[in-house]
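Here are a few notes on this one, jotted down as I went through it. Have the coordinates open while you read.

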Amino acid sequence: MKKIAVAQMNETEISRHFGRSPFFGIYTVSDGQVSEVELRMNTFTHHMKKDQGEGHSHKGHEHENQKHSHSHKSVVNGLADCKVVISGGMGMGAINSLSSSGMEVIITDEKQSREAVLKYTNGKLRNLNTACDDSNT
């Protein structure tokens, strides 16, 4: 049994921006089949905390001409039960943090979450191996 997290815009669509994804679909996969799906609210990325009145903005005056740095610890903790994270786009900081914690990170151009999970389990999901500019993480 393996859990796969997918950054999602809604119940079915993969988000192109990991940090701003309102949800994470948590797909439990057993024997190549999805056995359970949980839609987890994103309450742990810095962008979503900012939208809830916490955190910070990468586009604010204080960051406009600087590289930002922040911990992705809350993201790693929020997805700690997952072995794989799939997204349509993600900054290098998030990729490094998730990878360092032992998670496999897949950046895909696939549009539908369930389809991406099934392709992954069958070894057919293409990993674009690209990162977004960190100012957009």
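1. Bear in mind that this is a predicted model.

2. The largest nonpolar core has 18 residues. Those with the most contacts inside it are Phe18, Phe24, Leu79, Val85, Met90 and Leu98. Strand E1 (2-8), E2, helix H2 (73-78), helix H3 (92-100) and strand E5 (104-107) are the elements that give two or more residues to this core. H3 gives the most, with 3 residues.

3. Leaving aside residues up to four places away in sequence, Phe18 touches Ala7, Phe24, Asn42, Thr45, Val75, Leu79, Val85, Ser87, Gly89, Met90, Ala94 and Leu98.

4. As background, nonpolar side chains in soluble globular proteins tend to be buried together.

5. Now the backbone. Asp31 has a phi near 50 degrees, a positive value in a residue other than glycine. You'll find Asp31 in the loop between strand E2 (23-30) and strand E3 (33-41). Asp31 counts as exposed because its relative accessibility is 80%, against a cut-off of over 50%.

6. Asn129 also deserves a check: its phi is near 50 degrees, again positive in a residue other than glycine. Asn129 sits in the segment after helix H4 (113-121). With a relative accessible area of 65%, Asn129 is exposed.

Key:
Residues are numbered from 1 along each chain as its sequence is written. This is a predicted model: local features need pLDDT of at least 70, side-chain atom pairs count only at pLDDT 80 or more; totals for chains, interfaces and linings use all residues. Side-chain values use heavy atoms; hydrogens and water are left out. Helices (H or I, at least four residues) and strands (E, at least two) are DSSP runs, numbered from the N terminus. Buried means under 20% relative accessible area, exposed over 50%, partly exposed in between (1.4 Å probe, protein chains only). A nonpolar core is a set of buried Ala, Val, Leu, Ile, Met, Phe, Trp, Tyr and Cys residues joined through side-chain atoms within 4.5 Å. Contact means heavy atoms within 4.5 Å.
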